[in-house]
Amino acid sequence: MTVTPYIGLGFVLFSIGLFGVLTRRNTVGILMAIELMLNASNIVLVAFSRMHGNLGGQLFAFFTITVTVAEVAVGLAIVIQVFRLKKTIHADEITLLKG
Amino acid sequence: MNFAPLTLELLLAGLILIVFVVDLVSKNPKVLAGITFVGLTILFFLNLLHPWYGTTFQGTFVSNSFTGFLKGVFLLAGILVSLGSLSTAEEQYRGRVGEYYILLLFSLLGMLFVVSARDLVLFFVAFELMSIPLYILAAYQKDSEASIEAGLKLFIFGTFSSAILVMGLALLYGTTGSTRFDVLAQTLTEGEALSVLGFLLFLTGIGFKVAMVPFHMWVPDTYAGAPAPFVAFLSVAPKAAGFAILFIFFLQVFANLALPWKLVIAFLSGITMILGNLLAIPQTHLKRLLGYSGIAHIGYMLLGVAAGTDLAIAMVLFYFVAYVLANIGAFLFAETAIQNEGTDQLSALHGYAQRNPLLGLYMLIFLLSLGGIPFVVGFWAKLYVFLAALKAGYGLLVFLAAVLTVVALYYYLNVARQIYIEKPASNDPVRVPASIHFVLLISTLGTVLLGLYPKLIVGPALEIARAFVAGL
């Protein structure tokens, strides 16, 4: 079985996520796009794991999933607090600090 | 299974448990800060006197003199910041002080692991253990819009860079079929498409973390909005960890990869220095100014990475120590200003030296060290890194760095002018909490002492770098 389509799928998802992060104005949307990028890496990892015939990649994917959950938990907490204080989650309106 | 090389990490994990249990019994900030401070100090000296060198977990965890030195730098930053945050914690984090210190310690634990990890999976998990607590800590003043916004920015850029990094690591695994650094080093030889892409994604991910241009845009905002004692930590410890990762990856994992990575790093170093220094000039707020000046310092240190010789590594290690002392001191000065004036605007600092001569003197020494004036430690750090880069053949870049150092003096001395020459708006004495005063004193003494006798660090750093390069 060839794994190339799966790796291609991973790249496509990663690119969609990247595009989403750069264009989305809604903070939750940005979070979802980042999530998509991380899951794209998981698909790539598992596909490579199959290709090389060892379990290193699958193991890595498990750890990535766990870490991602921790990250999202923290991120949503911050977004909720932003909403409580400012009544908006639009990145364009969160502009107290201007780069 | 040999657990001896892990002793320092296990002890720090124990310290986290102690703080956790004490937090259940007593919510007194002084007690919690005291335990963290004493615990970290003990760990610092244990690491100094009795380092546990060795390799364990089938070679995926390595503890040697190089990691020992870095762990010392992280612990030093942790010690200074744990005490430096006490007054802020007492005033603003009532009832949540325990969590504050636990998060700080978890981030430190991640740093200790990340420099020792020699396996992609362990490396990634440690890297995230270092990063995730930082997002929470940046947003810790949860009723301050600035702090929560800083936390949000740090979080978005942090996770975004992690997502890019993990894709890079996945591609490195894909080209080699192994997650072990030693196997990666042997297999990654030709610059085929996948490994080049993996390399670029890795560099982007780490670039965000150490704030090299063009991945620096989160720095000024986060530094300006987040609580100052935490920024003191954020601006030094994760950066030092990021540089350690760069050294380990470039000199070990990518050692045989036929790519002109030195040129890439040299180019990034150049634009980082230029942008950091030029954007620092128009700043009117101290924390923001220190943020841009921090970017400039990253540029100088990248010069050492680009050189990549044992001499350059030693000098970057020395640079860390100088930078930790001066930068933590400067941010805690900003915290004192915020506590007294409610703002870190430069115009609010007028006449600080008259209102509190000792505080003015401390800040002057930090500024001189950051600016690189002779006989404080920052001067030797810059000089040595520049000399090492010059020897490695980066003459033009060193010339640029030297010119920019003079530019940097302008904005550093402008801060000193506000503190010393401008007339004070009021004559009230500036109140400095005893804990911050103590940290400022240690940082000042360290800065002056190492400025007079840099050999104290340079000597061991040279040996460590030689051993590191030889042991690869």
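A cavity here is a set of grid points where a 1.4 Å probe fits but cannot get out, and its volume is the space filled by probe spheres set on those points. The model is predicted. It holds five cavities of 30 Å³ or more.

**Largest cavity**

- Three helices of chain B each give at least two residues to the lining of the largest cavity: H6 (120-138), H7 (145-176) and H9 (193-210).
- H7(B) provides the largest share of this lining, with four residues.
- By class, the lining of the largest cavity counts eight nonpolar, two polar and one charged residues.

**Second largest cavity**

- Helix H1 (7-25) and helix H3 (65-84) of chain B each contribute at least two residues to the lining of the second largest cavity.
- The largest share of that lining, three residues, belongs to H1(B).
- Residues lining the second largest cavity include Thr7(B), Leu8(B) and Glu9(B), together with Gly68(B) and Lys71(B).
- Pro5(B), Asn47(B), Pro51(B), Trp52(B), Tyr53(B) and Ser63(B) line the second largest cavity as well.
- The lining of the second largest cavity splits into five nonpolar, four polar and two charged residues.

Definitions and conventions:
Residues are numbered from 1 along each chain as its sequence is written. Chains are lettered from A and ligands numbered from 1 in the order in which they are written. This is a predicted model: local features need pLDDT of at least 70, side-chain atom pairs count only at pLDDT 80 or more; totals for chains, interfaces and linings use all residues. Side-chain values use heavy atoms; hydrogens and water are left out. On a 1 Å grid over the protein atoms alone, a cavity is a set of points where a 1.4 Å probe fits but cannot get out, and a pocket is an open set with protein on both sides within 12 Å along at least five of seven lines; lining residues have an atom within 4 Å of a point. Ala, Val, Leu, Ile, Met, Phe, Trp, Tyr, Cys and Pro count as nonpolar, Asp, Glu, Lys and Arg as charged, and the others, Gly among them, as polar.
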